[in-house]
Amino acid sequence: MIISAKDRRRVARRRLPRWLFDYIDGGAGSEVTLRRNRAALERIGFVPMALRGAAAPVLGADVLGFDLDFPVILAPVGMAGLVSPAGEIAAAQAAATAGSAMWVSSFSLAGIEQIAARVDPARLGFQLYVFRDRAVTQDVLRRVWAVGIRTLVVTVDTPVTPLRERDARNGFRSATGISPRLAAQMLARPRWLYGAMRRSDRLVGNLVPYDMGANLFAQAASIGRAMDPTLDWDDMARLRAQWKGRLVIKGVLHPQDVARAATLGLDGVVLSNHGGRQLDGAISAIEALPACVDAARGRVEICVDGGFRSGGDLVRALALGASAVLIGRPWVYGLAAQGGQGVADVLASLRDGMRSTMTLLGAADLTSLRAMWPMCFQTSSIPTGGDGACVPDFRPAEATA
Ligand SMILES: Cc1cc2nc3c(=O)[nH]c(=O)nc-3n(C[C@H](O)[C@H](O)[C@H](O)COP(=O)(O)O)c2cc1C
(Lines give C-alpha, C1' and ligand atoms only; values in the text may rest on other atoms or scores of the structure.)
Protein backbone atom coordinates (compact mmCIF):
# COMPACT_ATOMS: atom_id res chain seq x y z
CA MET A 1 0.00 0.00 0.00
CA ILE A 2 1.28 3.48 -0.85
CA ILE A 3 0.85 5.92 2.02
CA SER A 4 3.99 7.94 2.42
CA ALA A 5 6.72 9.62 0.37
CA LYS A 6 8.98 6.71 1.33
CA ASP A 7 6.52 4.22 -0.16
CA ARG A 8 6.40 6.10 -3.47
CA ARG A 9 10.18 6.21 -3.64
CA ARG A 10 10.28 2.44 -3.02
CA VAL A 11 7.79 1.76 -5.83
CA ALA A 12 9.66 4.09 -8.18
CA ARG A 13 12.88 2.23 -7.46
CA ARG A 14 11.17 -1.06 -8.36
CA ARG A 15 9.64 0.30 -11.55
CA LEU A 16 12.44 2.37 -13.10
CA PRO A 17 15.70 1.27 -14.70
CA ARG A 18 18.54 1.78 -12.31
CA TRP A 19 20.18 4.62 -14.26
CA LEU A 20 16.88 6.53 -14.27
CA PHE A 21 16.11 6.02 -10.60
CA ASP A 22 19.67 7.02 -9.68
CA TYR A 23 19.49 10.11 -11.90
CA ILE A 24 16.42 11.26 -9.98
CA ASP A 25 17.36 10.09 -6.53
CA GLY A 26 21.04 10.97 -6.44
CA GLY A 27 23.00 14.06 -5.53
CA ALA A 28 26.38 15.60 -6.15
CA GLY A 29 29.63 14.28 -4.72
CA SER A 30 29.23 12.28 -1.54
CA GLU A 31 25.64 13.48 -1.18
CA VAL A 32 26.39 15.41 2.02
CA THR A 33 23.99 18.20 1.08
CA LEU A 34 21.33 15.74 -0.03
CA ARG A 35 21.34 14.26 3.48
CA ARG A 36 21.64 17.67 5.12
CA ASN A 37 18.40 18.83 3.50
CA ARG A 38 16.50 16.22 5.49
CA ALA A 39 18.55 16.47 8.66
CA ALA A 40 18.09 20.24 8.95
CA LEU A 41 14.32 19.93 8.71
CA GLU A 42 14.18 17.11 11.21
CA ARG A 43 16.14 19.19 13.74
CA ILE A 44 13.33 21.71 14.06
CA GLY A 45 10.95 20.63 16.79
CA PHE A 46 7.43 21.87 17.40
CA VAL A 47 6.36 23.29 20.74
CA PRO A 48 2.58 23.39 20.28
CA MET A 49 0.20 25.79 21.96
CA ALA A 50 -3.17 24.47 23.03
CA LEU A 51 -6.76 25.71 22.79
CA ARG A 52 -6.19 28.24 20.02
CA GLY A 53 -9.20 27.52 17.80
CA ALA A 54 -7.16 26.03 14.97
CA ALA A 55 -9.50 23.17 14.10
CA ALA A 56 -9.86 24.19 10.45
CA PRO A 57 -6.75 26.08 9.41
CA VAL A 58 -6.82 28.26 6.30
CA LEU A 59 -4.00 27.28 3.91
CA GLY A 60 -4.62 29.37 0.79
CA ALA A 61 -2.01 31.85 -0.40
CA ASP A 62 -1.32 34.15 -3.32
CA VAL A 63 2.31 33.64 -4.27
CA LEU A 64 3.99 35.30 -7.23
CA GLY A 65 0.65 35.67 -8.96
CA PHE A 66 -0.38 32.04 -8.36
CA ASP A 67 -3.63 31.57 -6.49
CA LEU A 68 -2.64 28.50 -4.45
CA ASP A 69 -5.05 26.39 -2.38
CA PHE A 70 -2.00 25.59 -0.26
CA PRO A 71 1.50 26.98 -0.76
CA VAL A 72 3.16 24.11 -2.65
CA ILE A 73 4.50 24.19 -6.21
CA LEU A 74 5.91 21.36 -8.34
CA ALA A 75 9.60 22.17 -8.87
CA PRO A 76 11.18 22.03 -12.32
CA VAL A 77 12.63 18.57 -12.89
CA GLY A 78 14.48 17.97 -16.14
CA MET A 79 13.45 14.87 -18.08
CA ALA A 80 10.80 13.94 -15.48
CA GLY A 81 8.62 12.69 -18.32
CA LEU A 82 11.00 9.75 -18.70
CA VAL A 83 9.33 8.01 -15.79
CA SER A 84 5.91 7.87 -17.47
CA PRO A 85 4.73 8.73 -21.01
CA ALA A 86 3.28 12.26 -21.22
CA GLY A 87 4.24 12.46 -17.56
CA GLU A 88 4.86 16.19 -17.35
CA ILE A 89 1.43 16.92 -18.81
CA ALA A 90 -0.23 14.56 -16.32
CA ALA A 91 1.71 16.13 -13.45
CA ALA A 92 0.83 19.68 -14.50
CA GLN A 93 -2.83 18.70 -14.78
CA ALA A 94 -2.75 17.13 -11.32
CA ALA A 95 -1.18 20.29 -9.91
CA ALA A 96 -3.79 22.52 -11.55
CA THR A 97 -6.65 20.34 -10.27
CA ALA A 98 -5.21 20.44 -6.75
CA GLY A 99 -5.02 24.24 -6.80
CA SER A 100 -1.23 24.09 -6.97
CA ALA A 101 1.05 24.98 -9.91
CA MET A 102 3.99 23.57 -11.82
CA TRP A 103 7.15 25.34 -12.88
CA VAL A 104 8.13 23.52 -16.03
CA SER A 105 11.79 22.67 -16.59
CA SER A 106 13.68 23.89 -19.65
CA PHE A 107 14.48 20.20 -20.05
CA SER A 108 10.99 18.71 -19.89
CA LEU A 109 10.25 16.00 -22.42
CA ALA A 110 6.90 17.56 -23.23
CA GLY A 111 7.41 20.85 -25.05
CA ILE A 112 6.04 23.92 -23.34
CA GLU A 113 3.50 24.35 -26.15
CA GLN A 114 2.14 20.84 -25.53
CA ILE A 115 1.80 21.42 -21.79
CA ALA A 116 0.21 24.86 -22.10
CA ALA A 117 -2.29 23.48 -24.61
CA ARG A 118 -3.60 21.11 -21.92
CA VAL A 119 -3.17 23.14 -18.71
CA ASP A 120 -4.26 26.68 -17.84
CA PRO A 121 -1.07 28.80 -18.19
CA ALA A 122 -2.09 30.61 -15.01
CA ARG A 123 -1.09 27.36 -13.25
CA LEU A 124 2.31 27.19 -14.99
CA GLY A 125 5.66 28.87 -14.63
CA PHE A 126 8.68 28.26 -16.82
CA GLN A 127 12.19 27.54 -15.52
CA LEU A 128 14.85 28.97 -17.77
CA TYR A 129 18.41 27.85 -18.23
CA VAL A 130 20.35 30.56 -20.01
CA PHE A 131 22.25 29.03 -22.92
CA ARG A 132 25.64 30.09 -24.28
CA ASP A 133 23.83 30.65 -27.55
CA ARG A 134 21.73 33.66 -26.59
CA ALA A 135 19.66 33.37 -29.76
CA VAL A 136 18.36 30.05 -28.37
CA THR A 137 17.58 31.69 -25.02
CA GLN A 138 15.70 34.48 -26.77
CA ASP A 139 13.69 32.01 -28.80
CA VAL A 140 12.75 30.05 -25.67
CA LEU A 141 11.59 33.28 -24.02
CA ARG A 142 9.50 34.13 -27.07
CA ARG A 143 7.83 30.70 -27.01
CA VAL A 144 7.10 30.85 -23.28
CA TRP A 145 5.47 34.27 -23.57
CA ALA A 146 3.51 33.17 -26.64
CA VAL A 147 1.81 30.32 -24.76
CA GLY A 148 0.66 32.71 -22.04
CA ILE A 149 3.09 31.88 -19.22
CA ARG A 150 3.95 34.98 -17.22
CA THR A 151 6.25 33.65 -14.47
CA LEU A 152 9.85 33.04 -15.47
CA VAL A 153 12.18 31.25 -13.05
CA VAL A 154 15.87 31.58 -13.90
CA THR A 155 18.06 28.87 -12.40
CA VAL A 156 21.50 30.16 -11.45
CA ASP A 157 23.14 27.36 -9.49
CA THR A 158 24.30 25.29 -12.46
CA PRO A 159 27.32 27.02 -14.06
CA VAL A 160 28.81 23.53 -14.20
CA THR A 161 27.45 20.07 -13.57
CA PRO A 162 29.51 18.49 -10.81
CA LEU A 163 30.29 14.82 -10.49
CA ARG A 164 27.23 12.84 -9.57
CA GLU A 165 28.71 9.55 -8.57
CA ARG A 166 25.66 7.43 -9.28
CA ASP A 167 25.30 8.83 -12.82
CA ALA A 168 29.00 8.31 -13.45
CA ARG A 169 28.81 4.69 -12.30
CA ASN A 170 25.85 4.03 -14.56
CA GLY A 171 27.43 5.83 -17.50
CA PHE A 172 24.44 8.16 -17.75
CA ARG A 173 25.21 11.61 -19.22
CA SER A 174 28.48 10.39 -20.71
CA ALA A 175 26.88 7.96 -23.15
CA THR A 176 25.59 9.50 -26.36
CA GLY A 177 23.49 6.44 -27.16
CA ILE A 178 22.17 3.35 -25.41
CA SER A 179 25.21 1.56 -24.01
CA PRO A 180 25.05 -2.18 -23.15
CA ARG A 181 24.92 -1.27 -19.44
CA LEU A 182 22.00 1.15 -19.88
CA ALA A 183 20.24 -1.37 -22.13
CA ALA A 184 20.64 -4.16 -19.57
CA GLN A 185 19.13 -1.95 -16.86
CA MET A 186 16.18 -1.15 -19.13
CA LEU A 187 15.59 -4.81 -19.97
CA ALA A 188 15.39 -5.50 -16.25
CA ARG A 189 12.30 -3.25 -16.10
CA PRO A 190 10.07 -4.62 -18.91
CA ARG A 191 6.97 -2.72 -17.86
CA TRP A 192 8.77 0.63 -18.04
CA LEU A 193 10.48 -0.42 -21.28
CA TYR A 194 7.16 -1.32 -22.92
CA GLY A 195 5.82 2.16 -22.14
CA ALA A 196 9.05 3.79 -23.32
CA MET A 197 8.99 1.94 -26.65
CA ARG A 198 5.41 2.95 -27.39
CA ARG A 199 5.86 6.62 -26.62
CA SER A 200 6.43 9.28 -29.24
CA ASP A 201 8.11 11.88 -26.99
CA ARG A 202 11.62 10.47 -26.72
CA LEU A 203 13.47 13.79 -26.78
CA VAL A 204 13.68 16.87 -24.57
CA GLY A 205 10.79 18.58 -26.31
CA ASN A 206 11.79 22.15 -25.53
CA LEU A 207 15.16 21.66 -27.23
CA VAL A 208 14.01 19.91 -30.39
CA PRO A 209 14.19 23.09 -32.52
CA TYR A 210 17.80 23.74 -31.50
CA ASP A 211 19.65 20.67 -32.70
CA MET A 212 21.21 19.61 -29.36
CA GLY A 213 21.42 15.88 -30.06
CA ALA A 214 19.65 13.25 -32.11
CA ASN A 215 18.54 11.16 -29.16
CA LEU A 216 17.82 11.72 -25.50
CA PHE A 217 21.17 10.46 -24.27
CA ALA A 218 23.00 12.76 -26.68
CA GLN A 219 20.81 15.64 -25.50
CA ALA A 220 21.49 14.81 -21.83
CA ALA A 221 25.22 14.76 -22.53
CA SER A 222 25.18 18.11 -24.36
CA ILE A 223 22.87 20.00 -22.00
CA GLY A 224 25.60 20.81 -19.46
CA ARG A 225 27.86 22.23 -22.14
CA ALA A 226 25.06 24.31 -23.64
CA MET A 227 24.39 26.28 -20.45
CA ASP A 228 26.19 29.60 -20.03
CA PRO A 229 28.61 29.43 -17.06
CA THR A 230 29.35 33.17 -17.32
CA LEU A 231 25.82 34.28 -16.44
CA ASP A 232 26.00 37.24 -14.03
CA TRP A 233 23.94 39.97 -12.39
CA ASP A 234 24.17 42.20 -15.48
CA ASP A 235 22.43 39.43 -17.41
CA MET A 236 19.77 39.31 -14.70
CA ALA A 237 19.31 43.09 -15.01
CA ARG A 238 18.89 42.74 -18.77
CA LEU A 239 16.37 39.95 -18.30
CA ARG A 240 14.50 42.11 -15.81
CA ALA A 241 14.27 44.86 -18.38
CA GLN A 242 13.08 42.45 -21.06
CA TRP A 243 10.65 40.10 -19.27
CA LYS A 244 7.40 41.88 -18.59
CA GLY A 245 5.98 39.16 -16.34
CA ARG A 246 7.14 37.97 -12.93
CA LEU A 247 10.81 37.15 -12.67
CA VAL A 248 12.21 34.75 -10.09
CA ILE A 249 15.78 33.62 -9.46
CA LYS A 250 16.25 29.99 -8.35
CA GLY A 251 19.28 28.54 -6.63
CA VAL A 252 20.53 31.15 -4.16
CA LEU A 253 21.32 30.69 -0.47
CA HIS A 254 23.21 33.84 0.49
CA PRO A 255 21.35 36.80 2.06
CA GLN A 256 23.38 39.21 -0.07
CA ASP A 257 22.07 37.52 -3.23
CA VAL A 258 18.54 37.92 -1.93
CA ALA A 259 19.15 41.61 -1.23
CA ARG A 260 20.61 42.04 -4.71
CA ALA A 261 17.64 40.30 -6.32
CA ALA A 262 15.35 42.69 -4.45
CA THR A 263 17.36 45.72 -5.53
CA LEU A 264 17.16 44.60 -9.16
CA GLY A 265 13.39 44.48 -8.92
CA LEU A 266 13.00 40.71 -9.18
CA ASP A 267 9.72 39.38 -7.83
CA GLY A 268 10.94 36.29 -6.04
CA VAL A 269 13.80 34.02 -5.10
CA VAL A 270 13.94 30.28 -4.56
CA LEU A 271 16.38 29.36 -1.82
CA SER A 272 17.68 26.06 -3.10
CA ASN A 273 20.73 23.84 -3.35
CA HIS A 274 19.12 22.09 -6.34
CA GLY A 275 18.08 19.13 -4.22
CA GLY A 276 21.70 18.46 -3.25
CA ARG A 277 22.68 17.98 -6.89
CA GLN A 278 25.09 20.88 -7.37
CA LEU A 279 27.43 22.20 -4.63
CA ASP A 280 27.98 19.29 -2.30
CA GLY A 281 28.50 20.72 1.18
CA ALA A 282 26.14 23.64 0.60
CA ILE A 283 23.76 24.45 3.44
CA SER A 284 20.07 23.73 3.06
CA ALA A 285 17.39 26.23 2.19
CA ILE A 286 15.70 25.88 5.57
CA GLU A 287 18.97 26.88 7.27
CA ALA A 288 19.43 29.84 4.93
CA LEU A 289 15.84 31.00 5.32
CA PRO A 290 15.84 33.22 8.44
CA ALA A 291 18.79 35.37 7.34
CA CYS A 292 17.39 35.63 3.80
CA VAL A 293 13.98 36.71 5.10
CA ASP A 294 15.75 39.50 7.00
CA ALA A 295 17.70 40.51 3.88
CA ALA A 296 14.58 40.57 1.72
CA ARG A 297 12.80 43.04 4.02
CA GLY A 298 9.52 42.10 2.36
CA ARG A 299 10.66 43.25 -1.10
CA VAL A 300 10.76 39.79 -2.74
CA GLU A 301 8.76 36.63 -2.16
CA ILE A 302 10.88 33.81 -0.79
CA CYS A 303 10.27 30.21 -1.80
CA VAL A 304 12.35 27.24 -0.64
CA ASP A 305 13.05 23.70 -1.70
CA GLY A 306 15.17 20.68 -0.85
CA GLY A 307 14.08 17.68 1.17
CA PHE A 308 10.47 18.70 1.88
CA ARG A 309 8.51 15.48 2.26
CA SER A 310 5.62 16.05 4.67
CA GLY A 311 3.05 18.58 5.76
CA GLY A 312 5.14 19.14 8.88
CA ASP A 313 8.14 20.09 6.73
CA LEU A 314 6.01 22.66 4.91
CA VAL A 315 4.84 24.14 8.20
CA ARG A 316 8.44 24.55 9.37
CA ALA A 317 9.38 26.57 6.28
CA LEU A 318 6.22 28.67 6.25
CA ALA A 319 6.70 29.53 9.93
CA LEU A 320 10.27 30.63 9.24
CA GLY A 321 9.01 33.05 6.59
CA ALA A 322 8.79 31.21 3.26
CA SER A 323 5.89 32.12 1.00
CA ALA A 324 5.78 28.69 -0.65
CA VAL A 325 7.64 25.40 -0.85
CA LEU A 326 8.69 23.59 -4.00
CA ILE A 327 8.88 19.81 -4.14
CA GLY A 328 11.00 17.94 -6.68
CA ARG A 329 11.60 14.22 -6.25
CA PRO A 330 8.29 13.52 -4.42
CA TRP A 331 6.15 14.39 -7.42
CA VAL A 332 8.39 12.47 -9.80
CA TYR A 333 8.16 9.38 -7.59
CA GLY A 334 4.38 9.82 -7.45
CA LEU A 335 4.35 9.96 -11.25
CA ALA A 336 6.54 6.86 -11.52
CA ALA A 337 4.38 4.96 -9.05
CA GLN A 338 0.88 5.86 -10.23
CA GLY A 339 1.01 8.38 -13.08
CA GLY A 340 -1.01 11.60 -12.70
CA GLN A 341 -3.00 10.04 -9.84
CA GLY A 342 0.28 9.57 -7.98
CA VAL A 343 1.06 13.27 -8.28
CA ALA A 344 -2.46 14.12 -7.11
CA ASP A 345 -1.95 11.83 -4.10
CA VAL A 346 1.39 13.47 -3.23
CA LEU A 347 -0.24 16.90 -3.24
CA ALA A 348 -3.28 15.71 -1.28
CA SER A 349 -1.14 14.13 1.42
CA LEU A 350 1.00 17.26 1.74
CA ARG A 351 -2.11 19.40 2.04
CA ASP A 352 -3.73 17.10 4.62
CA GLY A 353 -0.47 16.83 6.55
CA MET A 354 -0.06 20.58 6.57
CA ARG A 355 -3.60 21.02 7.83
CA SER A 356 -3.29 18.51 10.67
CA THR A 357 0.13 19.87 11.70
CA MET A 358 -1.22 23.41 11.91
CA THR A 359 -4.21 22.24 13.96
CA LEU A 360 -2.00 20.32 16.36
CA LEU A 361 0.47 23.19 16.61
CA GLY A 362 -2.26 25.75 17.18
CA ALA A 363 -2.01 27.86 14.00
CA ALA A 364 -5.34 28.92 12.51
CA ASP A 365 -3.83 30.44 9.36
CA LEU A 366 -0.52 31.30 7.74
CA THR A 367 -0.27 34.68 9.45
CA SER A 368 -0.63 33.21 12.91
CA LEU A 369 1.76 30.40 11.97
CA ARG A 370 4.36 32.98 10.99
CA ALA A 371 3.88 34.75 14.31
CA MET A 372 4.65 31.50 16.16
CA TRP A 373 8.31 31.52 15.01
CA PRO A 374 10.50 31.24 17.03
CA MET A 375 8.24 30.94 20.05
CA CYS A 376 6.78 27.54 19.16
CA PHE A 377 9.80 25.93 17.56
CA GLN A 378 12.86 24.45 19.13
CA THR A 379 16.23 24.19 17.52
CA SER A 380 19.72 24.94 18.60
CA SER A 381 21.22 25.29 15.16
CA ILE A 382 19.08 27.37 12.85
CA PRO A 383 20.36 30.96 12.68
CA THR A 384 17.66 33.56 13.17
CA GLY A 385 19.43 35.85 10.70
CA GLY A 386 20.43 39.44 11.21
CA ASP A 387 23.06 39.14 13.89
CA GLY A 388 23.58 35.48 12.99
CA ALA A 389 22.56 34.41 16.47
CA CYS A 390 21.10 30.98 17.02
CA VAL A 391 17.56 30.53 18.14
CA PRO A 392 17.63 29.97 21.85
CA ASP A 393 15.96 26.92 23.25
CA PHE A 394 12.30 27.36 23.97
CA ARG A 395 11.66 29.67 26.89
CA PRO A 396 8.26 29.57 28.58
CA ALA A 397 8.39 33.31 29.32
CA GLU A 398 8.25 34.08 25.59
CA ALA A 399 5.29 31.78 25.12
CA THR A 400 3.13 33.86 27.41
CA ALA A 401 4.42 37.22 26.16
C1 LIG B 1 16.03 14.64 -11.43
C2 LIG B 1 16.05 16.11 -11.13
C3 LIG B 1 16.14 17.02 -12.17
C4 LIG B 1 16.13 18.39 -11.92
N5 LIG B 1 16.11 19.27 -12.96
C6 LIG B 1 16.03 20.59 -12.71
C7 LIG B 1 15.91 21.52 -13.79
O8 LIG B 1 15.83 21.14 -14.96
N9 LIG B 1 15.88 22.84 -13.46
C10 LIG B 1 15.94 23.29 -12.18
O11 LIG B 1 15.92 24.49 -11.95
N12 LIG B 1 16.01 22.43 -11.16
C13 LIG B 1 16.05 21.10 -11.39
N14 LIG B 1 16.08 20.23 -10.33
C15 LIG B 1 16.03 20.74 -8.95
C16 LIG B 1 14.58 20.90 -8.47
O17 LIG B 1 13.94 21.94 -9.14
C18 LIG B 1 14.51 21.19 -6.98
O19 LIG B 1 15.34 22.29 -6.69
C20 LIG B 1 14.91 20.00 -6.09
O21 LIG B 1 14.50 18.79 -6.67
C22 LIG B 1 14.29 20.14 -4.71
O23 LIG B 1 14.68 19.12 -3.87
P24 LIG B 1 13.80 17.80 -3.58
O25 LIG B 1 13.93 16.92 -4.80
O26 LIG B 1 14.47 17.23 -2.40
O27 LIG B 1 12.38 18.22 -3.35
C28 LIG B 1 16.07 18.86 -10.58
C29 LIG B 1 15.98 17.93 -9.53
C30 LIG B 1 15.94 16.59 -9.80
C31 LIG B 1 15.80 15.62 -8.64
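Both faces of strand S5 (residues 101-104) are covered, since Ala101 and Trp103 on one side and Met102 and Val104 on the other are all buried, where buried means under 20% relative accessible area, exposed means over 50% and partly exposed lies in between, with a 1.4 Å probe and protein chains only. Helices (H or I, at least four residues) and strands (E, at least two) are DSSP runs, numbered from the N terminus. This is a predicted model, in which local features need pLDDT of at least 70 and side-chain atom pairs count only at pLDDT 80 or more, while totals for chains, interfaces and linings use all residues. Residues are numbered from 1 along each chain as its sequence is written, and side-chain values use heavy atoms, with hydrogens and water left out.

- Strand S4 (residues 72-74) and S5 run parallel and are joined by two bridges, two strands being counted as a pair if DSSP finds at least two bridges between them.
- Within this pairing, Leu74 stands opposite Met102 in S5, and Met102 in turn stands opposite Leu124 in S6.
- On the S6 side, S5 runs parallel to strand S6 (residues 124-128), and three bridges join the two.
- A right-handed β-α-β unit is made by S4, helix H4 (residues 87-97) and S5; a crossover is right-handed if, with the strands pointing away from the viewer, the path from the first strand over the helix to the second runs clockwise.
- From S5 the chain crosses through helix H5 (residues 112-118) to S6, and this β-α-β crossover is right-handed.
- S6 is mostly covered, with five of its five residues buried: Leu124, Phe126 and Leu128 lie on one side, and Gly125 and Gln127 on the other.
- S6 also pairs with S7 in the parallel sense, over three bridges, and there Leu128 stands opposite Val154 in S7.
- S6, H6 and S7 together make a right-handed β-α-β unit.

**Helix H11**

- In helix H11 (residues 233-242), the buried residues include Trp233, Asp235, Met236, Leu239 and Arg240.
- These residues lie on the same side of H11, because they cover an arc of only 150 degrees around the axis, the arc being that of the directions from the helix axis to the C-beta atoms.
- On the other side of H11, Arg238 and Ala241 are exposed.
- The cover over the buried residues of H11 includes S6, helix H6 (134-146), strand S7 (151-155), strand S8 (246-252) and helix H12 (255-264), with contact meaning heavy atoms within 4.5 Å.
- At the start of H11, the backbone nitrogen of Asp234 has a side-chain oxygen of Asp232 within 3.1 Å.

**Helix H10**

- Helix H10 (residues 216-226) is largely enclosed by the rest of the structure, because nine of its 11 residues are buried.
- The buried residues of H10 are Leu216, Phe217, Ala218, Gln219, Ala220, Ala221, Ser222, Ile223 and Ala226, and what covers them includes helix H2 (18-25) and helix H8 (180-187).
- At the start of H10, a side-chain oxygen of Asn215 comes to within 2.9 Å of the backbone nitrogen of Phe217.

**Arg166 and its surroundings**

- Arg166 lies in helix H7 (residues 165-170) and counts as buried, because its relative accessibility is 17%.
- The side chain of Arg166 makes a polar contact of 3.0 Å with the side chain of Asp25 and another of 3.4 Å with the side chain of Asp22.
- A polar contact is a pair of N or O atoms within 3.5 Å; within protein, one must be able to donate a hydrogen and the other to accept it, and residues adjacent in sequence count only if both atoms are side-chain atoms.
- Leaving aside residues up to four places away in sequence, Arg166 touches Phe21, Asp22, Asp25, Gly26, Glu31 and Leu34.

**Cysteines**

- A disulfide is a covalent bond between the sulfur atoms of two cysteines.
- With a disulfide taken as a pair of cysteine sulfur atoms within 2.5 Å, the count comes to zero disulfides.
- Cys292 is in no disulfide, and the nearest cysteine sulfur, that of Cys303, is 12 Å away; Cys303 is likewise in no disulfide, its nearest cysteine sulfur being that of Cys292.
- Cys292 counts as buried because its relative accessibility is 0%, and Cys303 is buried with a relative accessible area of 0%.
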